[in-house]
Amino acid sequence: MKKLLALILILAVILAGCSNSDTSITMNAQRVAEKVVKKHLKSPGSAVFPTEFQKFYAIKEQKIITVEGVVDSQNGFGALLRSKYTVKLKWPEDTYDWDKWEVLEENVFE
């Protein structure tokens, strides 16, 4: 319960300066980026994305957003590893249609 409250507080702080459309773009970019990163993991079901390490960089005119962060997941031996990632995305007119987001660049560093 404490982790959930901390997550909500962190998201509120991150998104406090954003408008509703900015919030929508940021939250959906986070979801798309997590989906992309999970493809690189040995155990995607064990993935945890700590929000306190996430950063978002947007170029609104070009509809491009870069998501940086870390992911904690198990390797093939069950040990927990922390990996950094960067995912650069271009968002569609309907930012909620995740299948239409274009992945421009993806990097997962273990």
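## Aromatic pair

One aromatic pair is present in the structure, counting rings of Phe, Tyr and Trp (its six-membered ring) whose centres lie within 6.5 Å. Phe-49 and Tyr-85 form this pair, with 5.8 Å centre to centre and 80° between the planes, which makes it edge-to-face. On the scale used, planes under 30 degrees apart count as stacked, over 60 as edge-to-face and the rest as tilted. The pair links distant parts of the chain, 36 residues apart: Phe-49 lies in the loop between H2 and strand E1 (55-59), and Tyr-85 in strand E3 (residues 80-90).

Both partners are classed by relative accessible area, where buried means under 20%, exposed over 50% and partly exposed in between (1.4 Å probe, protein chains only). Phe-49 is buried at 11%, and Tyr-85 is buried at 1%.

## Basis of the values

The model is predicted; local features need pLDDT of at least 70 and side-chain atom pairs count only at pLDDT 80 or more, while totals for chains, interfaces and linings use all residues. Residues are numbered from 1 along each chain as its sequence is written, and side-chain values use heavy atoms, with hydrogens and water left out.

## Overall layout

The chain contains two helices and four strands, which follow the order α-α-β-β-β-β from the N terminus. These elements are DSSP runs numbered from the N terminus: helices (H or I) of at least four residues and strands (E) of at least two.

Of the 110 residues in the chain, 35% count as buried. The chain exposes about 7200 Å², and carbon and sulfur atoms supply 57% of that area; accessible areas come from the Shrake-Rupley method with a 1.4 Å probe, and for residues only the protein chains shown count as cover. Among the contacts (heavy atoms within 4.5 Å) with a separation of 6 or more, 48% are between residues 24 or more positions apart.

Strand E2 (residues 64-74) pairs with E1 in the antiparallel sense over five bridges, two strands being paired if DSSP finds at least two bridges between them. Phe-56 has Val-67 in E2 as its bridge partner. Nine of the eleven residues of E2 are buried, so the strand is largely enclosed by the rest of the structure.

Four residues lie between the strands in the hairpin of E1 and E2. Lys-63, in the loop between E1 and E2, has a positive phi of about 60° although it is not a glycine. Its relative accessible area is 24%, so Lys-63 counts as partly exposed. In the hairpin of E2 and E3, five residues lie between the strands and Gly-78 takes a positive phi near 90°.

## Met-27 in helix H2

Met-27 belongs to helix H2 (residues 20-38). With 30% relative accessibility, Met-27 is partly exposed. The C-alpha atoms of Met-27 and Phe-56 are 10.0 Å apart, and the two residues are 29 residues apart in sequence.

## Salt bridges

The whole structure holds five salt bridges, each a side-chain nitrogen of Lys or Arg within 4 Å of a carboxyl oxygen of Asp or Glu. One of them joins Arg-82 and Asp-72, whose closest N and O atoms are 2.7 Å apart. This pair links distant parts of the chain, ten residues apart, with Arg-82 in strand E3 and Asp-72 in strand E2. Arg-82 is partly exposed at 44% relative accessibility, whereas Asp-72 is buried at 14%.

Another of the salt bridges is between Asp-99 and Lys-35, with the closest N and O atoms 3.7 Å apart. Asp-99 sits in the loop between E3 and strand E4 (102-109) and Lys-35 in helix H2, so the pair ties together parts that are 64 residues apart in sequence. Asp-99 is exposed at 64%, and Lys-35 is partly exposed at 48%. Asp-97 and Lys-100 also form a salt bridge, their closest N and O atoms being 3.6 Å apart. Of these two, Asp-97 is partly exposed at 23% and Lys-100 is exposed at 57%.
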